[in-house]
Structure formats: structure tokens, C-alpha cells
Amino acid sequence: MGYRFYGWETADVKAITDEYKEITTPHQLYDALSHIWCEYTCAPRLRQEWSRENMTLGQCSITAFLVQDIFGGKVYGVPRQGGNFHCYNDVGGVIFDLTSEQFIDEVLSYENNPEQFREIHFAKEEKFRRYEYLKRALKDYSDAHSIS
């Protein structure tokens, strides 16, 4: 699979958990999520615009916190209109953003952005439900595609 997410060239960090069989790199996680991201996992305010062609739309925070679960590191947010943040990951100085493709021609700045915390993001019950759904779907997907 060809990758276009921000930082794909250097996203060579390794998983700190073996909870998700066969997912040991961000590239493998992206491949799996490509089969899982859907309208339901998209932020409600963006669902009408979501499509398979723009599958990362509205998936940033739940994906970034799932990345943190699997690879560790910190989640940061690029400030957006309306007080929202576009979330991405920094794992030991390796910065990557599995959902950056949603911005198509917009260039985001991945420097000097505030750290994001799941307690704040998941205070929104719908966001926490989407995150839990994504985690469960990834577990099911990885178990179904396990070689062992």
C-alpha cells in the first residue's frame, strides 16, 4: 500500500503492546484502520462529508489516542477553527499523523502545538463511544487477520 499520511517516511516506531496481533508498526495500523474507519467513527459534525475516498475525515482524536495506546508517546493538537484541535502523535520524537490526508491541499504545522489529553476529549460521551468502537473493531480485525 502507498502511504500519504504525514510522517509516513519516518514512522518506524514499534508497538509497546501485543494486544493487536500483526500490528507492530504505524503502517500496519494504518492498513488495518483503512478497513475500519467509517461514517460511524467519523466526528458527527463531519459525517455528511465522510466518504471512502476521504476515509480519515473526522477520525483524528480517536485515532491519535488509539495510536498512543499501541505505540506510547504523546498526542498533540493543531489548533483549528471553532476551538477544535486536529490530533496527531509524537512517539519519542517521531511525529506522524495517520489522519492528515483529510486536509488534502492544506499544509498543517506540526510544531509547538499543545498536548492533548484523553480525559478532556473523552469528556464528550459520543467521542468516547467512537473511540471504544474503533478499539473493538481493530481488535476484531487483528484477531481475524492473525497468522498464528
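**Stop 1: the largest pocket**

Start with the lining of the largest pocket in this predicted model. Its residues divide into 10 nonpolar, 10 polar and 7 charged. In total, 27 residues line this pocket. Select Arg45, Cys60, Asn84, Phe85 and Lys127, which lie nearest its centre. Now colour the elements that give two or more residues to this lining: α2 (60-71), β2 (85-91), β4 (115-116), α3 (118-121) and α4 (125-144). The space inside the largest pocket comes to about 630 Å³.

**Stop 2: the second largest pocket**

Next, select Arg4, Phe5, Tyr6, Ser100 and Glu101. These residues lie nearest the centre of the second largest pocket. Its lining has 14 residues. They divide into 8 nonpolar, 2 polar and 4 charged. The volume here is about 200 Å³.

**Stop 3: helix α1**

Show α1 (26-33). How many of its 8 residues are buried? The count is 6, so α1 is mostly covered. Pick them out: Pro26, His27, Leu29, Tyr30, Ala32 and Leu33. Then look at what covers them. The cover includes α2, β3 (94-96) and α4.

**Stop 4: Thr41**

Follow the chain into the loop between α1 and α2, where Thr41 lies. Is Thr41 buried or exposed? Its relative accessibility is 0%, so Thr41 counts as buried. A polar contact of 2.7 Å joins the side chains of Thr41 and Gln59. Now show the wider surroundings. Leaving aside neighbours within four places in sequence, Thr41 is in contact with Ile36, Gly58, Gln59, Ile62, Arg130, Tyr133 and Leu134.

**Stop 5: the cysteines**

A disulfide is a covalent bond between the sulfur atoms of two cysteines. How many disulfides does the structure hold? The number is 0. Select Cys38 to see one cysteine that is in no disulfide. The cysteine sulfur nearest to that of Cys38 belongs to Cys42, 8.9 Å away. A disulfide would need the two sulfur atoms within 2.5 Å. Cys38 has a relative accessible area of 18%, so Cys38 is buried.

Move on to Cys87, which is in no disulfide either. Its nearest cysteine sulfur is that of Cys60, 4.6 Å away. With a relative accessible area of 1%, Cys87 is buried. Cys60 was picked at the first stop, among the residues nearest the centre of the largest pocket.

Notes: Residues numbered from 1 in each chain as written. Predicted model: local features only at pLDDT ≥ 70, side-chain atom pairs only at ≥ 80, totals over all residues. Heavy atoms only, no water. 1 Å grid on protein atoms, 1.4 Å probe; cavity = no way out; pocket = protein on both sides within 12 Å on 5 of 7 lines; lining within 4 Å. Points joined across faces, edges and corners; volume = space filled by probe spheres on them. Helix = DSSP H or I, 4+ residues; strand = E, 2+ residues; numbered from the N terminus. Nonpolar A, V, L, I, M, F, W, Y, C, P; charged D, E, K, R; others polar. Buried < 20%, exposed > 50% of the residue type's maximum accessible area, 1.4 Å probe, protein only. Polar contact = N/O pair within 3.5 Å; in protein donor to acceptor, adjacent residues only side chain to side chain. Contact = heavy atoms within 4.5 Å.
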